[in-house]
Amino acid sequence: MSYIEYEVADKIATISLNRPEAANAQNGALLEELDAAWQRAGADDDVAVIVLRANGKHFSAGHDLKDRSGPQPSKITLEHIYAIESRRYLEFSLRWRNIPKPSIAAVQGKCIAGGLLLCWPCDLIVAAEDAQFSDPVVMMGIGGVEYHGHTWELGPRKAKEILFTGRPITAREAEQVGMVNQVVPREELGTETAALAARIAEMPPFGLRQAKRAVNQTLDVQGFYAAIQSVFDVHQTGHGNALSVDGYPILVNLDEMKRKLE
């Protein structure tokens with residue numbers, strides 16, 4: 001693996017994003033490796049808890065929209081975008097959410113747009129005091145990232161606020177609305193996350209699996225799964241609108257957009 005580090009110790013699988021020079025921006029290779037690591041941890045009977053973390057200053061700057069790895073079409077079409085995003089963004093995030101083992105995301109620094117698709121599927125989130133969460137894609141003419149967990153994670157009014165303004169919410173704000181479980185000093189993020197994972201790993205595995213299923217199933221009965229699926233199609237209308245404008249301009253000012261959010 002080039003972009004992911006993976007290790008298992010004391011019944012805890014630790015998956016680390018390892019593209020710090022790019023603020024752990026997610027190109028196609030990183031996402032494929034990340035999914036493989038999730039599946040490996042899910043299938044390993046010696047793993048009771050999964051921890052997702054990131055090397056470097058920031059958890060993730062989101063999707064690498066300049067990624068040109070892999071075959072490229074001669075022309076960008078909505079069909080091409082839909083095929084890629086339905087697998088790497090929607091399907092992967094839902095798959096990670098439903099792995100029947102407790103998972104914890106440890107988040108520091110910036111967690112922008114596609115970064116939410118990595119931490120939101122986790123069962124628990126421990127955030128460093130410097131963590132900031134944002135989804136600025138309305139600035140790109142799109143109504144939010146592909147895995148549209150905003151309303152469930154933040155509540156409707158706070159979700160609208162961060163989408164309408166593009167501003168980041170702090171770790172403390174996220175804790176207040178229940179999106180984050182713990183906020184800790186940056187230097188204690190690793191040790192506090194490890195301590196939480198170790199405590200959970202002592203519980204009976206079947207009980208943990210059933211508890212996770214009970215909560216996720218309750219959310220699904222309330223409409224979570226159906227909403228995530230339907231709003232993914234709403235997301236695609238943003239791409240369709242952008243494609244109707246010559247040059248696909250939503251990519252042009254990406255770097256400037258991110259600078260404004262720092």
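Trainee: Which residues are exposed on the other side of α7?

Mentor: T191 and R199 are exposed there. Exposed means over 50% relative accessible area, buried under 20%, and partly exposed in between (1.4 Å probe, protein chains only). Keep in mind that this is a predicted model: local features need pLDDT of at least 70, side-chain atom pairs count only at pLDDT 80 or more, and totals for chains, interfaces and linings use all residues. Residues are numbered from 1 along each chain as its sequence is written, and side-chain values use heavy atoms, with hydrogens and water left out.

Trainee: And which residues of α7 are buried?

Mentor: L189, T193, L196, A197, I200 and A201. They sit on the same side of α7, because they cover an arc of only 135° around the axis. That arc is taken from the directions from the helix axis to the C-beta atoms.

Trainee: What do the buried residues of α7 pack against?

Mentor: Strands β2 (12-17), β3 (49-54), β4 (103-107), β6 (124-128) and β9 (182-184), plus helix α8 (205-221). Helices (H or I, at least four residues) and strands (E, at least two) are DSSP runs, numbered from the N terminus.

Trainee: New topic. Where is N55?

Mentor: In the loop between β3 and α2 (78-98). N55 counts as buried, because its relative accessibility is 15%.

Trainee: What does N55 touch?

Mentor: E5, S16, L17, N18, P20, N24 and Q108, leaving out residues up to four places away in sequence. Contact here means heavy atoms within 4.5 Å.

Trainee: OK, the core. Which residues touch the most other members of the largest one?

Mentor: C119 and F133, out of 54 residues in the largest nonpolar core. Helix α1 (residues 28-43) gives the most to this core, with six residues. A nonpolar core is a set of buried Ala, Val, Leu, Ile, Met, Phe, Trp, Tyr and Cys residues joined through side-chain atoms within 4.5 Å.

Trainee: What is C119 in contact with?

Mentor: F59, A105, V107, C111, I125 and F133, leaving aside neighbours within four places in sequence. Apart from that core lies another, of 15 residues, including L189 and A197.
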